[in-house]
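Visitor: Hi! Could you walk me through this one?
Guide: Happy to; here it is.

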Amino acid sequence: MIDSRGNIINKDSLSKGEQQMYATALLKGLVDESNISFPVFIDSPMQKFDVDHSNSIVKHFYPKVSEQVIIFPLLKKEMSEEEFNILLPNISKTYLIKNIENEQSAFEKVESKEELFKIFERDYQDAI
């Protein structure tokens with residue numbers, strides 16, 4: 001990376017948010033230049049972004065980065081209900097990862113994707 005004055009930017013000098021933005025840009029470049037259609041998996045999608053960057057990512061990046069995008073957010077921490085609603089027209093299926101035992105989890109399909117946050121709040125009221 002090079003700044004506006006032509007100086008090389010050391011990746012280690014970037015803030016956590018800048019590092020996440022850099023990784024997002026690399027992912028977009030990889031998808032665009034590969035000319036291969038493949039699913040994109042994104043864990044902790046907006047953990048280090050501020051509100052403006054989160055909204056921009058939700059509106060412009062996730063719907064277009066690939067034909068199939070799987071996002072693993074921590075609801076209410078990394079993705080707000082408002083951000084989820086922006087993505088809703090592009091969402092095919094929603095799941096909650098349920099802890100069954102200390103060392104076991106399972107995916108639970110949420111039949112009505114519009115109800116994801118209501119079901120989350122009902123099932124995890126102690127966690128919020």
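Predicted model: local features only at pLDDT ≥ 70, side-chain atom pairs only at ≥ 80, totals over all residues.

Visitor: Good to know. How many helices and strands are there in the protein?
Guide: The protein has four helices and four strands. Along the sequence they come in the pattern α-β-α-β-α-β-β-α.

Visitor: And what box do the C-alpha atoms fill?
Guide: Roughly 55 × 30 × 30 Å, taken along the principal axes.

Visitor: What percentage of the residues count as buried?
Guide: Of the 128 residues, 27% count as buried. The accessible surface comes to about 9,200 Å², and carbon and sulfur atoms own 49% of that.

Visitor: Let's switch to pockets. How much space lies in the largest pocket?
Guide: About 1,100 Å³. Its lining is made up of 35 residues, and those nearest the centre are I71, F72, P73, T94 and Y95.

Visitor: Which elements give two or more residues to that lining?
Guide: Those are β2 (69-72), α3 (81-87), β3 (94-101) and α4 (116-123). The most comes from β3, with five residues.

Visitor: You brought up α4. Which of its residues are buried?
Guide: L116, F117, I119 and F120. They sit on the same side of α4, because they cover an arc of only 160 degrees around the axis. As a rule, an α-helix has 3.6 residues a turn, so residues three or four places apart point the same way.

Visitor: What covers those buried residues of α4, and what does the face turned away carry?
Guide: The cover includes α3, β3 and β4 (104-110). On the face turned away from the buried side you'll find the exposed residues K118 and R122.

Visitor: Now helix α2: what are its buried residues?
Guide: Helix α2 spans residues 51-61, and its buried residues are S54, N55, I57, V58 and F61. They pack against α1 (16-34), β1 (40-43) and α3.

Visitor: I always check backbone torsions. Which residues other than glycine have a positive phi?
Guide: N35 and K76 are two to look at: N35 has a phi of about 55 degrees, and phi of K76 is near 75 degrees. For background, most residues other than glycine have a negative phi.

Visitor: Where are they, and how exposed is each one?
Guide: N35 is in the loop between α1 and β1. Its relative accessibility is 71%, so N35 counts as exposed. K76 belongs to the loop between β2 and α3. At 42% relative accessibility, K76 counts as partly exposed.

Terms used:
Residues numbered from 1 in each chain as written. Heavy atoms only, no water. 1 Å grid on protein atoms, 1.4 Å probe; cavity = no way out; pocket = protein on both sides within 12 Å on 5 of 7 lines; lining within 4 Å. Points joined across faces, edges and corners; volume = space filled by probe spheres on them. Buried < 20%, exposed > 50% of the residue type's maximum accessible area, 1.4 Å probe, protein only. Areas by Shrake-Rupley, 256 points an atom, 1.4 Å probe, with all protein chains shown as cover. Contact = heavy atoms within 4.5 Å. Arc of directions from axis to C-beta.
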